[in-house]
Amino acid sequence: MADSKEEDDVELGFVEKVANPLRLASPFFPSKVGGVPAWLDLENLPSSNGLLCKSCQKPLAFLMQVYSPFSEGVASEERCFHRTVFVFCCRNGKCYKRNSNDCFLVLRCQLPRKNKFYSFNPPPEIDDNENVTLESVSSEFRPRKFACLCDVCGCSGTKKCSKCKSVFYCSRDHQVFGWKTGHKTACNQLAEGKTIPKKGNTPLKPNQVLFPELEIITETEPPEEQFVEKSEEEKMKEFESMSKSLGVDSSKDQELERLAELGKEKFVADKIFKNFKKRVLRCPDQVLRYQRGGEPLWVSDEYQPRLEDVPNCQCGARRQFEFQIMPQLLNYLKVDSVEASMDWGTIVIFTCSTSCDEGHLYHQEFAWKQDFTDTGLPGNALIQ
């Protein structure tokens, strides 16, 4: 993602399946949804305790990552020539309280151009049908050389299988899940020193832990189409529809004042949502809007953060808007449920305005979840 601050200079993200999963590995600096994280710094991974849901205390699922180098001046090349923002979320729909941010975690990681993990030069171009391996692309790239990774989710694994001592997990939950979904069969073979055939570059299949893995591709948002003024007949129909929804007989003069009072709040909310929908309909499949230093596209007048609601970075700098995750993404995550399910109007990501190097190498940033006004419909259904 490139830096963008002009009002109309918004980059939109769309998802698509990738023919060669190798392109979504760390040496290619991907932007992607689902699967396992393509960690940037491969050695100093966030701890498993730091990747727990605040509500249920279960491991968070990797939602997406956005590769977004900070390219302002020579100093930025020394600090953050490579830069990725990672977003994690809880898969338990019961944890999704209205307008609550507790289900999300945002981490920012950055590296100078010269580092111990990747080549100084750009990664090579690979053909989707080319039969290559990570080792042939980057002889020094071996993620597990630097850290033990959970066999289920790809996060830091500190728990080792006590029998085969060859597989690691981030938590007891994932150890149990891994045992039931395949390790029970492989464990004895590994314990006896047998080699389990590798699956090449094929990613783990989506399951109760992983979301489907998709690549994020970007393009600049197209300009607004010519606005067409509504006819008087269309305006009258909208007026009558609003009157009916508010329980007011607009044909009676004495109720016009009551209609105005009842409709004022609804009008403001509708205006913001209509603006959201009108903007989104330029490209209905967008799952991401990127405009670092710009302004988010809000879905409602409710629960918009005040200046003090977005905490400063630990370095003291203000956090600024970088990107937002759209409700359309829910269509691709395959999380539909007859019970409580994941849902949001938009998830707005704020990051340090200086992209500092203070604290941990995976710096925690800030997410703000805003829901649609109460309609009884999931967010992704409202924008279709």
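A cavity is, on a 1 Å grid over the protein atoms alone, a set of points where a 1.4 Å probe fits but cannot get out, and its lining residues have an atom within 4 Å of a point. Grid points are joined across faces, edges and corners, and a volume is the space filled by probe spheres set on the points.

The model is predicted: local features need pLDDT of at least 70, side-chain atom pairs count only at pLDDT 80 or more, and totals for chains, interfaces and linings use all residues. Residues are numbered from 1 along each chain as its sequence is written, and side-chain values use heavy atoms, with hydrogens and water left out.

Begin with the whole protein chain. Of its 384 residues, 47% count as buried, that is, under 20% relative accessible area with a 1.4 Å probe, protein chains only.

Select Ser48, Leu51, Leu52, Pro59, Leu60, Cys153, Cys155, Cys170 and His174 to display the lining of the largest cavity.

Then select Gly35, Val36, Pro37, Leu60, Ala61, Phe62, Phe88, Cys153, Cys155, Val209 and Leu210, which line the second largest cavity. Its volume is about 50 Å³, and its lining has ten nonpolar residues, one polar and no charged. Keep Leu60, Cys153 and Cys155 in view, for these residues belong to both linings.

Conventions:
Buried < 20%, exposed > 50% of the residue type's maximum accessible area, 1.4 Å probe, protein only. 1 Å grid on protein atoms, 1.4 Å probe; cavity = no way out; pocket = protein on both sides within 12 Å on 5 of 7 lines; lining within 4 Å. Nonpolar A, V, L, I, M, F, W, Y, C, P; charged D, E, K, R; others polar.
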